[in-house]
Amino acid sequence: MAQTARTMPERASSGGIKAEGLTKRFGDLTAVDSLDLHVKPGELFCFLGPNGAGKTTTIRMLIGTLVPTSGRVLLDGIDVYREPVKAKQIIGYVPDEPNVYEKLTALEFLCFIADVYKLDKARAKKRGLELLDMFELADRADQQMGGFSHGMKQKMVLAAALLHEPKILFLDEPTVGLDPKSARMFKDILRGLCDRGITVFMSTHILEIAERMADRVGIIQSGKLRAVGSVEELRTAARKSDQKLNGTQMTLEDLFLELTGGSEYEEVSRYLEG
């Protein structure tokens, strides 16, 4: 019988994010299959995969909102399922859809989040105003969020996730629906967070973001982790396994298609283009 997340034996832990044998089954479907992964402190890690590959299911298990069938998760050495409250105190989470309370003003929303984390009110308000300024929303602090654009709501959710100064930040497709300027701002902010020692785990299907931003990339397909490494490490491994490339430069898109079985879609695309 497989061991559950609550009965795994103790092992030596480390900082950052560590998944050990992480598996999730829904009936006969294995959404995530025996995932082992270590994301180092201060690393910007991009989790790549096509729709349905298991990205969101993995993130939900990593943050503790979905109990795995087996395996365990350590966040900064804290077992997510043995000490859920302690683990959640050190993480921030930005979902793919920015859910905000639209009747609240931007500042009221951040003050509400501060109450959830039991932060000092005066300090939280000061930090909230600093975050609004950083996201270029200071002039909207007293406006209800119902009138905010998708990009503005996304910034608010990220500001809320950063309010309690987490050690680890999880983002699920954070740049979807953002205009180019906002997307660039997101990238700059995430890079700055990592430079300060915060660990960032970001899922995306946008290859350019992973190629330009990530310290390392993990590629998941059908619930299995197919490859992990820096973009250059993955290119090197792919060139060694595919002699027909003859040492030519491989893009992350080439690698992604090769590892996720996407070559048939590439062929269909070429055919349709004539």
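## Strand pairing and packing

Strand β1 (residues 17-26) and β2 pair in the antiparallel sense over 7 bridges, where two strands pair if DSSP finds at least two bridges between them. Helices (H or I, at least four residues) and strands (E, at least two) are DSSP runs numbered from the N terminus. This is a predicted model, in which local features need pLDDT of at least 70 and side-chain atom pairs count only at pLDDT 80 or more, whereas totals for chains, interfaces and linings use all residues. Residues are numbered from 1 along each chain as its sequence is written, and side-chain values use heavy atoms, with hydrogens and water left out.

## The mixed sheet

A further open sheet consists of 6 strands in the order β6-β7-β8-β3-β9-β10, and its pairing is mixed. β6 and β10 stand at the edges with a single partner strand each, so one side of each is left without a neighbour in the sheet. The twist averages 15 degrees from one strand to the next.

| Pair | Sense | Bridges |
|---|---|---|
| β6 and β7 | parallel | 4 bridges |
| β7 and β8 (residues 199-204) | parallel | 5 bridges |
| β9 (residues 216-221) and β10 (residues 224-229) | antiparallel | 5 bridges |

Leu 169 of β7 takes part on both sides: Gly 92 stands opposite Leu 169, and in β8 the bridge partner of Leu 169 is Val 200. β9 and β10 form a hairpin with 2 residues between them, and Ser 222 in the turn has a positive phi of about 55 degrees.

In a regular strand the side chains alternate between the two faces of the sheet. Both faces of β7 are covered, with Ile 168, Phe 170 and Asp 172 buried on one side and Leu 169 and Leu 171 buried on the other; buried means under 20% relative accessible area, exposed over 50%, and partly exposed in between (1.4 Å probe, protein chains only). Because 5 of the 5 residues of β7 are buried, this strand is largely enclosed by the rest of the structure.

Helix α5 lies across β6 and β7, running at about 170 degrees to β6. Of the 13 residues of α5, 12 are buried, so the helix is largely enclosed by the rest of the structure; among them are Gly 151, Met 152, Lys 153 and Gln 154. The buried residues of α5 pack against β6 (91-94), α3 (106-116), α4 (121-134), β7 (168-172) and α6. At 1.5 Å a residue, the 13 residues of α5 should span 18 Å, and its end C-alpha atoms are 19 Å apart, which agrees; the expected span of a helix is 1.5 Å times one less than its number of residues.

Helix α5 (residues 150-162) and helix α6 (residues 180-195) pack at an angle of about 10 degrees, with their axes 12 Å apart. That makes α5 roughly parallel to α6, since angles under 35 degrees count as roughly parallel, over 145 as roughly antiparallel, 65 to 115 as roughly perpendicular and the rest as oblique. The contact is made by Gln 154, Lys 155, Leu 158 and Leu 162 of α5 together with Ser 182, Met 185, Phe 186 and Leu 193 of α6. By class, this contact has 5 nonpolar, 2 polar and 1 charged residues, where Ala, Val, Leu, Ile, Met, Phe, Trp, Tyr, Cys and Pro count as nonpolar, Asp, Glu, Lys and Arg as charged, and the others, Gly among them, as polar.

## The chain as a whole

The chain has 10 helices and 10 strands, and buried residues make up 50% of its 274 residues.

Terms used:
Axes are lines fitted to C-alpha atoms, for helices over the stretch in contact, and angles run from 0 to 180 degrees between N-to-C directions. Contact means heavy atoms within 4.5 Å.
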